[in-house]
Amino acid sequence: MTGSDGSGDIQHWAPGEHILWRYRGIGTEEVHICRPVTVVHDTPDLLAVWMAPGTECVRPVLADGTSVHDEPLATRYTAPRTTERARWTGSGVLKLARPGDPWSVWLFWERGWRFRSWYVNLEEPRRRWAGGVDSEDHFLDISVYPDHSWLWRDEDEFAQAQRAGLMSAERAGLVRAAGAAAVRLVEEWGTPFRDGWEAWRPDPAWTVPVLPGDWDRTPAHMAP
């Protein structure tokens, strides 16, 4: 168990513990993405978690239950939404996050553990609580490949979020600055890209975490 012990010190999770990796709606406390994960590594410098194939998660959908990405971009962020429980399909995902970084780095593999790419998810620095970490997604992302090449992802959604009023020009500028910092890290091939995480494998004894009924609970205590 982790969080704050009341003195401001952070208590860290042990490898194999199950926690929740969640995203709130922009400017709200309402959770609309929740992914149960297993802790791989948790120190003052890095949180690494594993989302196993088949994990039951919570994701946003349109009010009629159809996929958000089936909605035209112009109304994607204004159409009524709800959430649904669904299994994560495909291979698992290793997520790496350093405290204070306005992004997390995800690793993806093909079948047979053939490494595919890293994915830099620009987001609010995560806030820890007893049951996991919470953040806000910032729409803009970066794919990074084994040959050190990279490209922007979801620039259209990032622009539409601004047009829809979900992100001010000032905040969008901060996100762009965070993206530029992430790109510099990629071009320098800094941590975590140089750290060999592609060779990591989950403990075969680990079980798939269960999505709790109160996945959207409001944490009683948050730690920065």
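Let me begin with the term salt bridge, by which I mean a side-chain nitrogen of Lys or Arg within 4 Å of a carboxyl oxygen of Asp or Glu. What we have here is a predicted model, in which local features need pLDDT of at least 70 and side-chain atom pairs count only at pLDDT 80 or more, while totals for chains, interfaces and linings use all residues. Residues are numbered from 1 along each chain as its sequence is written, and side-chain values use heavy atoms, with hydrogens and water left out.

The chain holds two helices and 14 strands, where helices (H or I, at least four residues) and strands (E, at least two) are DSSP runs numbered from the N terminus. Of its 224 residues, 45% are buried, and by buried I mean under 20% relative accessible area, with exposed over 50% and partly exposed in between, using a 1.4 Å probe and protein chains only.

Turning to the salt bridges, the count comes to 14. In one of them, the side chains of R85 and E56 meet at 3.1 Å, N to O. That pair links distant parts of the chain, since R85 sits in strand β7 (residues 81-87) and E56 in strand β6 (residues 56-62), 29 residues apart. R85 itself is partly exposed, at a relative accessible area of 42%.

In another, R171 pairs with E136, the closest N and O atoms being 2.9 Å apart. Here R171 belongs to helix α2 (residues 169-188) and E136 to strand β12 (residues 132-144), 35 residues apart. R171 is partly exposed at 23%, whereas E136 counts as buried at 7% relative accessibility. Through shared partners, salt bridges join R24, E124, E136 and R171 into one network.
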